[in-house]
Amino acid sequence: MSEDTFHVTHWAGLDLARPQVMGILNVTPDSFSDGGRFHHVDAALAQAAALRAQGAAIIDVGGESTRPGAAPVSEAEEIDRVRPVIEALSAEGALVSIDTRKPAVMEAAAAAGAGIINDVTGLTGDPRSFDTAVALGLPLCLMHMQGEPQTMQADPQYDDAPAEVFTFLAGQAIALMEAGVSAEKICLDPGIGFGKTLEHNLQIMARLDELVDAGWPVLLGASRKSFIAKITPTGSEERLGGSLAAVLAGFGAGVSLFRVHDVQETVQALAVADAISEIGL
Ligand code: 7PM
C-alpha cells in the first residue's frame, strides 16, 4: 500500500479485521419491521439483550422512523423515546449507536452513554449537526441520502449513483478530518434505499469496493429493505435470504460493518464467509 493511502483497522473500539454486526433496535411506535412492539423500554431492553446474545457488537437505537412518508417526530419526543434505553444499555456495557439527524438528540444520547453517532443525513440534516458531532468527539457513521425521507423515493436522479454517493461521503469525511476528527472515528455508509431506485441500489452494491478503497471503514444497511422485494416480491418479514445475499456481497467487497435486523443469521453467514476467506487458496 502506498504512503498516501490509509486503511482504518479499528473503529469505535472494534477490530475490523473481522466483520462486525450492528443490531437494529427501533424505539418508534411505527417502525415497519417491529410494528411498534418494542417501543416500551422493557421490551426494547429485552430485544437488545437478544441482539447482543446473538453477536451484535453495536446496538443501533433509533427513535425516529425514516420510512418514506413517515410523520416527523419532535426533538423532545425523540429524546424521550431513546434516552432511557441508551442509559440502561450503556450501564450494561453495551456499545450503543444513536440513529438520529438531530443535534439535540446527538447531545442527549452522548450524555446518556451512546458511543457512536449514526446520522442518515451524513451530518447535513441540520446546520448544527456537523459542529455538534465534532464537539462530541464520538465515532461517527455518515450515511448518504438524496432528498428527504418524505419524498426521497419519488424520482431519485443520478448520472452515476455510486460515484456521486461515494464522492459525497468522502467529502464529508475529509471535512471532518479538516475539523480535527481522526480517520479512525469515521465510518461511511452508502444509504441503501435512501433516495435510490432499484438500479441505483444495485449499482452501489456492485461497486462497494471503490468506497472500501477510499480507506475509511464502510457500513452496509440493506436488511429487509424494499429493493429485495423489487427483485423477488416478499413482505418485510420475509427478506432474510435477500438480506444475507447483500451482506455477503458487501463482505466480498471489503465492507466491515453490517446493520441488520436478523443478527444471529447474519453473524453465522459472516462467520462462514470469513472462515472461507481466511483459509486462503
Ligand atoms: C422505516 C424505513 C424504518 C426505513 C426504518 C428504515 C439505515 C440507517 C436506517 C442504513 C444507517 C431501515 C431504515 N437505515 N442507518 N438507518 N444505514 N447507517 O431500514 O442503511 O432500518 S432506517
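The legends below go with close-up views of a predicted model.

In this predicted model, local features need pLDDT of at least 70 and side-chain atom pairs count only at pLDDT 80 or more, while totals for chains, interfaces and linings use all residues. Residues are numbered from 1 along each chain as its sequence is written, and side-chain values use heavy atoms, with hydrogens and water left out.

**View 1. Helix α2 meets helix α3.** Here you can follow α2 (residues 75–91) and α3 (residues 103–112), whose axes come within 8 Å and cross at roughly 20°. That angle makes α2 roughly parallel to α3 (angles under 35 degrees count as roughly parallel, over 145 as roughly antiparallel, 65 to 115 as roughly perpendicular and the rest as oblique). Helices are DSSP runs of H or I with at least four residues, strands are runs of E with at least two, and both are numbered from the N terminus. On the α2 side, look for E75, E78, I79, V82, R83, I86, E87 and S90; they meet A104, V105, A108, A109 and A112 in α3, where contact means heavy atoms within 4.5 Å. The residues of this contact divide into eight nonpolar, one polar and four charged.

**View 2. Helix α5 packs with helix α6.** The axes of α5 (residues 161–178) and α6 (residues 198–206) are 8 Å apart, at an angle of about 65°. The two helices are therefore roughly perpendicular to each other. A161, P162, V165 and F166 of α5 make the contact with H200, Q203 and I204 of α6. Five of the residues in the contact of α5 with α6 are nonpolar, two are polar and none is charged.

**View 3. Positive phi at A12 and R224.** Most residues other than glycine have a negative phi. A12, although not a glycine, has a positive phi of about 55°, and sits in the loop between β1 (10–11) and β2 (14–15). R224 is not a glycine either, and has a positive phi of about 60°. You will find R224 in the loop between β9 (219–220) and α8 (226–231).

Notes
Axes fitted to C-alpha atoms, helices over the stretch in contact; angles between N-to-C directions. Nonpolar A, V, L, I, M, F, W, Y, C, P; charged D, E, K, R; others polar.
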